[in-house]
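Subject: Structure for your review

Dear colleague,

Please find below the structure that I am handing over to you. My findings follow it.

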Amino acid sequence: MKKIIALALGVMLTACATNIDSNRYQTSATGQINSVQEGVIINVRQVRVATSGGTVGSLAGGVAGGAAGSMIGGNSAVNVIGAVGGAVLGGMLGAKAQEGLSAQNGYEYIVKLDSGKAITLTQGTDVKFSVGDKVYVLDADRGERARIIAR
């Protein structure tokens, strides 16, 4: 039973990872106008992007911990105390598990815009730019994520 709960928790938490690739769009972004600025990559560094404060992980861990804690032997008062303690501990561990399982690699770019202003933008690893690459920065005017694409 414990193995099934652990497997289900792992699958749920991994499924919660947001796709941060630059070529991924939401359907709500189609037909929307975004501003475009031209620039040059002046710095690149690899980063780790993780979800923090995961509610799915906390909830799943809390349920699993509560169920496991309630199985402590003794009278019903001990079972209740075990369930509450298990739920609290399971919730904390579930949130940490979600953060670890949903983490993914990305790149943080510093772009010097043609206007002279420098900006930073972090995105996935599907496309990697190097220092000196000329790029377009697509601004998130309509609620869609900003991104960098080749020019």
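Which residue forms a salt bridge with Arg45? The partner is Glu108, and the closest N and O atoms of the two residues are 3D-modelled at a separation of 2.6 Å. Glu108 belongs to strand β2 and Arg45 to strand β1, so that this pair links distant parts of the chain, 63 residues apart. Arg45 is partly exposed, with a relative accessible area of 45%. Please note that the model is a predicted one.

In general, side chains of opposite charge can pair when their charged atoms come close. The structure holds 2 salt bridges. Besides the pair of Glu108 and Arg45, there is a salt bridge between Arg151 and Glu38, whose closest N and O atoms are 3.0 Å apart.

I turn now to the overall composition. The protein has 3 helices and 5 strands, and its elements follow the order α-β-α-α-β-β-β-β from the N terminus on. Of its 151 residues, 28% count as buried. The accessible surface comes to about 9100 Å², and carbon and sulfur atoms account for 60% of that area. When contacts between residues at least 6 apart in sequence are considered, 71% of them join residues at least 24 apart.

The strands form an open sheet. Its 5 strands are arranged in the order β3-β2-β1-β4-β5, and the pairing is antiparallel. The edge strands are β3, covering residues 118-123, and β5, covering residues 147-150; each of them pairs on one side only. From one strand to the next, the twist averages 45°.

The individual pairings may be of use to you in setting up your own analysis. Strand β1 (residues 36-49) is joined to strand β2 (residues 104-113) by 10 bridges, and the two run antiparallel. Within this pairing, Arg48 has Asn105 of β2 as its bridge partner. Strand β1 also pairs with strand β4 (residues 134-138), in the antiparallel sense and over 5 bridges. There, Val40 stands opposite Lys134 of β4. Strands β2 and β3 likewise run antiparallel, with 6 bridges between them, and Ile110 is found opposite Thr120 of β3.

Val127 lies in the loop between β3 and β4.

With kind regards

Definitions and conventions. Residues numbered from 1 in each chain as written. Predicted model: local features only at pLDDT ≥ 70, side-chain atom pairs only at ≥ 80, totals over all residues. Heavy atoms only, no water. Pairing = 2+ DSSP bridges. Helix = DSSP H or I, 4+ residues; strand = E, 2+ residues; numbered from the N terminus. Axes fitted to C-alpha atoms, helices over the stretch in contact; angles between N-to-C directions. Buried < 20%, exposed > 50% of the residue type's maximum accessible area, 1.4 Å probe, protein only. Contact = heavy atoms within 4.5 Å. Areas by Shrake-Rupley, 256 points an atom, 1.4 Å probe, with all protein chains shown as cover. Salt bridge = Lys/Arg side-chain N within 4 Å of Asp/Glu carboxyl O.
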